[in-house]
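Trainee: Please take a close look at one part for me: the place where the two chains meet. I would like it in one connected account.

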Protein chains: 2
Amino acid sequence: MSQKQGPRRVELVTKVLAANERAAEDNRRRLREAGIVLIDVMGGPGAGKTALLEATIPRLAAARRTAVVVGDIATANDGERLAATGVPAVQIVTEDMGGACHLEAGFVAAGLDRLDLGALDLVFVENVGNLVCPAEFDLGHHARAVVLSVTEGEDKPLKYPLAFRVADAVVVSKIDLLPHLTVDLGALRANIRRINAKVPIFELSARSGEGLEPWLDWLRGIRGS
Amino acid sequence: MSQKQGPRRVELVTKVLAANERAAEDNRRRLREAGIVLIDVMGGPGAGKTALLEATIPRLAAARRTAVVVGDIATANDGERLAATGVPAVQIVTEDMGGACHLEAGFVAAGLDRLDLGALDLVFVENVGNLVCPAEFDLGHHARAVVLSVTEGEDKPLKYPLAFRVADAVVVSKIDLLPHLTVDLGALRANIRRINAKVPIFELSARSGEGLEPWLDWLRGIRGS
């Protein structure tokens, strides 16, 4: 989405975003009527979004009837991985939609169409692996988490500021790898805070389970509209 | 760039790509006249593009007069890191250009404007950290490498096929972390081959230096137009 050079491009981008905003409002209305909370999970390729949801969903199962809408450019791999947690999982393949590098509210609406909304409390959206473009699109979500792996280094919040600016939570993933890396976690935290002073930061490992509890508590506290 | 739904978007995308192609041809002409090889390095955030170039540039110094054009949405961090290798480094900050999620040929031309082309043999472009959009834009390069970290998992070539389809080389980075990961390198290789049967694959660690020689040999073999 982010190529706004020239007046024609600015005009088109404005129209695309306005159409997306209407679709996002439609999603919010449907979710409100069904009493569902929608949480968008963003992050670059390999940040650990799917692994985070694989660890999260079973731990919420007692308290929340959950489903997932998963966006990828190609393959249904992530949808299949998440369906294995036992919850409904809808795969959106954007290659069928021109190869979109992000989800738009209309794609999420198509995902919601394929779910039994009356039987759900919580829907996760796993966005396309991209730390840039997804942040520009309102999906009708109630909260947005950005996932960043410790292997990606300290300066990513400064280099991809929009994703961190719009985030309601930052998940710093794969902390089980910290002993093998030279990354400075204090500097990473400070860089997140420079972009978004008050955002909650959850440092965790989906693989070991370390640090998951505060993240789960945060999720339980998100209210719908 | 990848949001082509609807006829107006398709029309605009076509025009943007046509303008980019003209700028790419201009770049190729300038590079040919100066006898310079241009290599584009793509990859997601934190894949290790800058670290790869930090390890690569000094090892080529005896044989190639090198410079770098670095694209980021925000910050000059990578340009500063690469300038520390002692070569000319031009930072393109796309936030000044609408926050573009990729480099276009015109941005690279602006980078070339700031270099003394008569004193160079090789220019690396480090693209914006994004495994999707950069692959759609011809920069006038002579070869394109995509960098994927072993921490990103086996299935990324299948999920982001275009970047791997257009790549002339795939660098599998951070192999020093393999003992601490469950990633299956054989499966990763097979997935790369499913998208691009003949592409050379270089498995290396910029940190330890392991595996760099075959990559350097490949770079030395790239010819200009």
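**The interface of chain A and chain B**

Mentor: Start with the polar contacts. Between chain A and chain B, 12 residue pairs are in polar contact, with both residues at pLDDT 80 or more. Bear in mind that this is a predicted model. Which elements of chain A supply this surface? Those giving two or more residues to the side that touches chain B are α1 (7-34), α3 (77-83) and α5 (156-159) of chain A. Of these, α1(A) gives the most, with six residues.

The rule finds four salt bridges across the interface of chain A and chain B. One of them joins the side chains of D78(A) and K159(B), at 2.7 Å from N to O.

Next, the extent. In chain A, 48 residues are in contact with 48 residues of chain B. Together the two chains bury about 4,000 Å² between them. Carbon and sulfur atoms account for 53% of that area.

Do the copies meet through the same surface or different ones? The same surface, because 100% of the interface residues of chain A are also interface residues in chain B.

Notes:
Residues are numbered from 1 along each chain as its sequence is written. Chains are lettered from A and ligands numbered from 1 in the order in which they are written. This is a predicted model: local features need pLDDT of at least 70, side-chain atom pairs count only at pLDDT 80 or more; totals for chains, interfaces and linings use all residues. Side-chain values use heavy atoms; hydrogens and water are left out. Contact means heavy atoms within 4.5 Å. Buried area is the accessible area (1.4 Å probe) that two parts lose on being put together, summed over both. A polar contact is a pair of N or O atoms within 3.5 Å; within protein, one must be able to donate a hydrogen and the other to accept it, and residues adjacent in sequence count only if both atoms are side-chain atoms. Helices (H or I, at least four residues) and strands (E, at least two) are DSSP runs, numbered from the N terminus.
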